[in-house]
Amino acid sequence: MASLNDNYLKLKAGYLFPEIGRRVKAFNDANPAAAARLIRCGIGDVTEPLPAAVVAALHKAVDEMAVRSTFKGYGPEQGYEWLRAAIAENDFRAHGLDVADDEIFVSDGSKCDCGAILDIMGASNRLAITDPVYPVYVDTNVMAGHTGEADATGAYAGITYLPCTAQNGFIPEPPKEHVDVIYLCSPNNPTGATASRAQLEAWVKYALANRSIILFDAAYEAYISDPTIPHSIYEIPGARECAIEFRSFSKNGGFTGVRCAFTVVPKTLLASTASGEFKPLHPLWSRRMTTKFNGVSYLVQRAAEALYSPEGKAQVAALVEHYMGNAKILVAGAKAAGHRVFGGVNAPYIWVDAPKGHTSWQAFDRILNESNVVITPGSGFGSNGEGWFRVSGFNSRANAEEVSRRLQALNW
Ligand code: MLT
């Protein structure tokens, strides 16, 4: 008798974005006229075309693949050396950070890497996860059997939840108790909050003292404009001994549909074996990638490389400026409508309080039905997200302006 992975049965709700999609489809089917007015500020998906440097690199790579002498078959599972070198040089060494080319592992997405990394982590680690949180961190641990069952509030046994509230500016302090694996995301999805250097120093100090590992999701680092905020966990001394960093080309290069990201696993990062011996994680991740992954396509890696050319860098900066211009308009609109607003300054997401008496989903339904705008309900990111909603700045300028107007016109 074949058995299934019982851990999947512990998962509480459907993944947040499919549930939003279901409600939006029901709305569209019932209101075809309003559907034409619908503006989506829900899932953080980019809207602007690929940078011209990327398009040129893709065309060139296609031409190479069309000729026997330059055709490429399987590439290195960890990524082509030239892309790993471009990443390590531009994103790290140019900023004085000690990251070697072979500590970069190119992949098809940070979401995938956040789940895949659990292959090399022990099953009995005590996890610390913020609330609210990008749901992937929780659900992948549930699927891997790294948690117990959920209680009536939806909290899983085996996870130490770190409350993120307006009081702590949505950035948690290290817990009093011991945890083994810590998920941090800065700039934060969903709240748009960013961790200061001092806050990251406190986390690195905690991780070193507890021999914990920080899984640092920096997928939105390109949106940081405040020069005091770290772009990488490796800006904090000691982080090479306690942190893995996830980065993505989705939100800076507009690669949500192209698919390319990378993970940094320092060779100096050790974790304990079952018998208490400390060993490096780097060879395990390399082994995992060579066994379960055949690498990102040559075409896509050439496209990613183009983001580091002078033209590519300028085009990425223009995209970031565009989306942050939207965020600014949305922040101003939500504030003018009387909402309390966080984020939208060093992140493309704005985090807005639902008017009193409204749950996040009630706010979602009213904004959908009355303003014909799709947002993301904060409670979908965790119980501390209840009473909040997230508005994404990924849109055209005209749509951002229209959403700003509609938020102000909604009569709560
Ligand atoms: C989001 O809307 O939270 C993101 O688009 C999800 C993701 O990047 O996977």
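1. Domain separation. In this predicted model, the C-alpha centres of domain 1 and domain 2 lie 26 Å apart. The domain assignment gives domain 1 as 13–49 + 312–409 and domain 2 as 55–300. The contact takes 28 residues from domain 1 and 34 residues from domain 2.

2. Buried area. Between domain 1 and domain 2, about 2400 Å² is buried. Carbon and sulfur atoms give 59% of that area. On the domain 1 side, Y15, N346 and F381 lose the most area to domain 2. Together they account for 28% of what that side buries.

3. Polar terms. The count of salt bridges between domain 1 and domain 2 is 0. Polar contacts are present: 10 residue pairs, both residues at pLDDT 80 or more.

4. Elements at the interface. Four elements each supply at least two residues of the side of domain 1 that touches domain 2: α10, β11 (341–343), β12 (349–353) and β15 (388–392). Helix α10 gives the most to that side, with 6 residues.

5. Nonpolar core. The largest nonpolar core has 121 residues. Those with the most contacts inside this core are I87, F92, I104, I214, Y234, F249 and I350. Helix α10 (residues 310–336) provides the largest share of the core, 9 residues. Domain 1 and domain 2 each contribute at least three residues to this core.

6. Consider F249, among the residues with the most contacts inside the core. Leaving aside neighbours within four places in sequence, F249 is in contact with I87, G254, F255, C260, A261, F262, A304, L307 and Y308. Of these partners, I87 is also listed among the residues with the most contacts inside the core.

How values were computed
Residues are numbered from 1 along each chain as its sequence is written. This is a predicted model: local features need pLDDT of at least 70, side-chain atom pairs count only at pLDDT 80 or more; totals for chains, interfaces and linings use all residues. Side-chain values use heavy atoms; hydrogens and water are left out. A nonpolar core is a set of buried Ala, Val, Leu, Ile, Met, Phe, Trp, Tyr and Cys residues joined through side-chain atoms within 4.5 Å. Buried means under 20% relative accessible area, exposed over 50%, partly exposed in between (1.4 Å probe, protein chains only). Domain bounds come from an automatic or database domain assignment. Contact means heavy atoms within 4.5 Å. Buried area is the accessible area (1.4 Å probe) that two parts lose on being put together, summed over both. A salt bridge is a side-chain nitrogen of Lys or Arg within 4 Å of a carboxyl oxygen of Asp or Glu. A polar contact is a pair of N or O atoms within 3.5 Å; within protein, one must be able to donate a hydrogen and the other to accept it, and residues adjacent in sequence count only if both atoms are side-chain atoms.
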